[in-house]
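Welcome! Please take a moment with the sequence and the 3D structure below, and then follow the tour.

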Amino acid sequence: MTTKYKDNQAIANFIEYLKIPSVQPDINYDDCVNFLKKQAKELGLPIKVYEVKPRKPVVVLTWLGKDQTLPSILLNSHMDVVPVFENSWTYPPFSGHIDQDGKIYARGSQDMKCVGIQYLEAIRILKQSGVQLKRTIHVSFVPDEEIGGDDGMGEFIKSPEFKSLNIGFGLDEGMASPNEEFVLFNGERSIWQIHVHCTGQPGHGSLLLPNTAGEKLRYIIDKFMDLRKEQKEILDSNPKLTIGDVTSINLTQIHGGVQSNVIPEKLSVVFDIRLAVTVDHEKFEKMINEWCKEAGDGVTIEFEQRNANVECTKLDSSNPFWVAFKHAANDLNLKLDCRIFPGGTDIRYIREVGIPAIGFSPMNNTPVLLHDHDEFLQADIFLKGIDIYVKLINAVANV
């Protein structure tokens, strides 16, 4: 560690957390849980570990507010990280190496162990300064976000333990921003992953048989890829739009066939679709079903994942938590860029049960490196983020 950060406890805690290789798949979360128990003890906060699914712990640290009848604030982050290709990293990906420029290299430095530690360090500062907040704060650390979150936050929100937390507003992860602005997300596109199965007449590869699976597959692929092209043209034609504002469609898998000279009886294609928040889900599904009919008999769809349409969090005077958040951001002179998140995070589960929530990671002037080789976060940006959370947490918890 460079001399500048040698005695910085927040940096030391961050690096200790980064060194835990909680990498998908098949994670043992014990080291994460033990680390968080140690943090809770140092902060003087009660901690509970819920296992709504075996070996999938949800860890919640609680700071009780002055008025415990008020809905509480949830500060959420996930403990798991995506796999690494070690040979492509300059420094070992679970070393938490700090170079001479103050860059902290590790998987999870941006996505999103930084935010979990920033929550805790902000609470440490608030407690040490004698502040007592009006609302109770729950800091949750959940498993399996990087593989969809079904067994993590997806199960936790259904539990009586979650309901007992009485959440009124939530914060979760955002994304780094390469410029001065801080990116903030108040909604997410809906993830639909669709398998289209095309059945048809099998036979010898030398024949021109009617009603083949390949002809139907081509029709389906053309329809989806034409819509993809249309959405890309909309995005490219308007510099004010970001990827979160349009529907993205990508062909990700094709399955079928037995050998080169046999016309198969079945071919399947998989599309990853992220529906823009403006899309009518019922109409979109009806359109896909029409395409299947037009392609011919024996064409069916199967959903691998199908997110419901979840209302975006209001960023206006009807949402007092947003008003408080924005006021604190203005006091800090933060330039906010409000967007729809392009991927999927655990925040969609929180919004799904009617809780307003914002995705925000205080990382500006930082290249977007989530899931990339040499993921890093500048130490000074990390420390500045703690100060930002001190103001933001204080603001939303006193609404």
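## A tour of the model

An open sheet is built from 4 strands in the order β11-β13-β9-β14, with antiparallel pairing. This is a predicted model, in which local features need pLDDT of at least 70 and side-chain atom pairs count only at pLDDT 80 or more, while totals for chains, interfaces and linings use all residues. Residues are numbered from 1 along each chain as its sequence is written, and side-chain values use heavy atoms, leaving out hydrogens and water. Helices (H or I, at least four residues) and strands (E, at least two) are DSSP runs, numbered from the N terminus, and two strands pair if DSSP finds at least two bridges between them.

At the edges of this sheet stand β11 (248-256) and β14 (299-306), each with a single partner strand, so one side of each is left without a neighbour in the sheet. On average, neighbouring strands here are turned by 20° against each other, direction ignored. Axes are lines fitted to C-alpha atoms, for helices over the stretch in contact, and angles run from 0 to 180 degrees between N-to-C directions. Within the sheet, V196 stands opposite I301 in β14.

Which strands does helix α6 touch? Helix α6 (residues 213-237) packs on the sheet and touches β9, β11, β13 (266-275) and β14, its direction making about 10° with that of β13; contact means heavy atoms within 4.5 Å. Helix α7 (residues 281-295) lies across β9, β13 and β14 and runs at about 150° to β14.

## A second sheet and a hairpin

Another open sheet has 3 strands in the order β4-β5-β17, again with antiparallel pairing. Its edge strands, β4 (97-98) and β17 (376-378), each pair on one side only. Helix α10 (residues 379-396) packs on this sheet, where it touches β5 and β17, and its direction makes about 70° with that of β17.

| Strand pair | Bridges | Facing residues |
|---|---|---|
| β9 (residues 190-199) and β14 | 7 bridges | V196 and I301 |
| β5 (residues 103-105) and β17 | 3 bridges | K103 and Q378 |
| β1 (residues 47-53) and β2 (residues 56-63) | 5 bridges | V49 and V59 |

The hairpin of β1 and β2 has 2 residues between the strands, and R55 takes a positive phi near 65° there.

## Rings and cis bonds

Rings of Phe, Tyr and Trp (its six-membered ring) pair if their centres lie within 6.5 Å; planes under 30 degrees apart count as stacked, over 60 as edge-to-face and the rest as tilted. By this rule there are 18 aromatic pairs. The rings of Y91 and Y105 have centres 5.1 Å apart and planes at 55°, so this pair is tilted. Y91 lies in the loop between β3 (72-78) and β4, and Y105 in strand β5, so the pair ties together parts that are 14 residues apart in sequence.

Which peptide bonds are cis? The bond from Q24 to P25 is cis, with omega near -5°, and P25 lies in the loop between α1 (9-18) and α2 (30-43). Another cis peptide bond joins D111 and M112, with omega about -15°; M112 is found in the loop between β5 and α3 (113-128).
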